[in-house]
Amino acid sequence: MKFVVQVRLFPTPAQEAALADTLRLCNEAANLVSRVAWETKTFRNYDLRVHSYGDLKAMGLSAQPAQHVIKKVSDAYTTVKAQVSAELRKPLAKPIGFRPDAAQPFDDRCLSWQVEARTVSIWTTGGRMKGVRFACSDEQARALAAYRKGESDLIHRDGMWLLIATCDVPDADVTEPDAFLGVDLGIANIATTSDGERHSGKHLNAVRHRNRELRRRLQAKQTKSAKRLLKARRRKESRFARNVNHRISKSIVTEAARTGRGIALEDLQGIRDRVRLRKPQRVTLHSWSFHQLGQFIAYKAARQGVAVVHVDPAYTSQACSSCGHVDKKNRPDQATFSCTSCGFAEHADVNAARNIASRGVAGWAVSHAADDAA
């Protein structure tokens, strides 16, 4: 299982200047390669080297950074081609451009980590620069020392210098679950488990609403100070939501691991295209980061050997978890479930989570029966 570790660099003024020059030159080179690729219609990595490697060397790039620049450009065109094929964007009308501070990959020949000393040694346009300090948690340091593999990306964002490294951690053996913990994802309650634990979305939705109103007012002002404030706050909401999702996913996975259960999640792929909502509700749905929460649950579960299954979410909110009766009238409002057949009553999200847990048991049995037959 791969995951990324992000650490912050604390360069001296001289080191910061060298890093800035390096990023600027690498991205100038990337723009040059991108124009060459566009004009010659050559987008494969090795073919691009024939057309541009000599020019990059003449610009002052060493061999490895030059090859990484060419690969970065080739990968960018490959990504765009895939997006166009999936109709996620329109075809390009001009060469891909790279910002002066766009991320630049470094391999182990250009970047070495001294994890215990909390320093890195990195290639720059002015030569090899040693002793650049970084900060990370003890858990991140252990992951870097034991599992870091491949390239690391140098990023300059919001005035901070960051290194993002990929760690390849062996998956833990999945434990055969005794049962499943169902998780119902929603807006009023971000996540509700079949045990009855509800993670309310009230605070998160209030923060998002407040931020939307603040952005609206600042955008209407069009002053320099308003634009500065907008720029300073642009990632604040996403960081807050990400932290909420991390805490919720950790709680769910910890409980499942403690009780020897697997986790059953709804398969919500394409939900934004399926549901029809009133205009005020659309903003809330499209800012709802359920996919991110599902990803966090999946990778945390993989690290602890907890089984995860995705089930069909159809009618989980209308079906009775006690007798199985399905009826729209079973759910008179958002929070209430009352079965019109057997009289069973429960919080609507808890009832849905229990249905998801039951489907998880069935889905796990079917998938493993197929594996055993094969």
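Aromatic contacts

Q: Is tyrosine 77 buried or exposed?
A: Tyrosine 77 has a relative accessible area of 6%. Buried means under 20%, exposed over 50% and partly exposed in between, with a 1.4 Å probe and protein chains only. Tyrosine 77 is therefore buried.

The model is predicted: local features need pLDDT of at least 70, side-chain atom pairs count only at pLDDT 80 or more, and totals for chains, interfaces and linings use all residues. Residues are numbered from 1 along each chain as its sequence is written, and side-chain values use heavy atoms, without hydrogens or water.

Q: How many aromatic pairs does a search of the whole structure find?
A: Rings of Phe, Tyr and Trp (its six-membered ring) pair if their centres lie within 6.5 Å. The search gives a total of four.

Q: What is the geometry of the pair of phenylalanine 43 and tyrosine 77?
A: The ring centres are 4.8 Å apart. Planes under 30 degrees apart count as stacked, over 60 as edge-to-face and the rest as tilted. Here the planes stand at 40°, so the pair is tilted.

Q: Which residue pairs with phenylalanine 180?
A: The two ring centres are 5.9 Å apart, with planes at 55°, so this pair is tilted. Phenylalanine 180 is buried at 6% relative accessible area. Its partner, buried at 13%, is tryptophan 364.

Q: Which residue lies over the face of tryptophan 38?
A: A charge sits over a ring if NZ of Lys or CZ of Arg is within 6 Å of the ring centre and within 35 degrees of the ring normal. At 4.1 Å from the ring centre of tryptophan 38 lies lysine 41.
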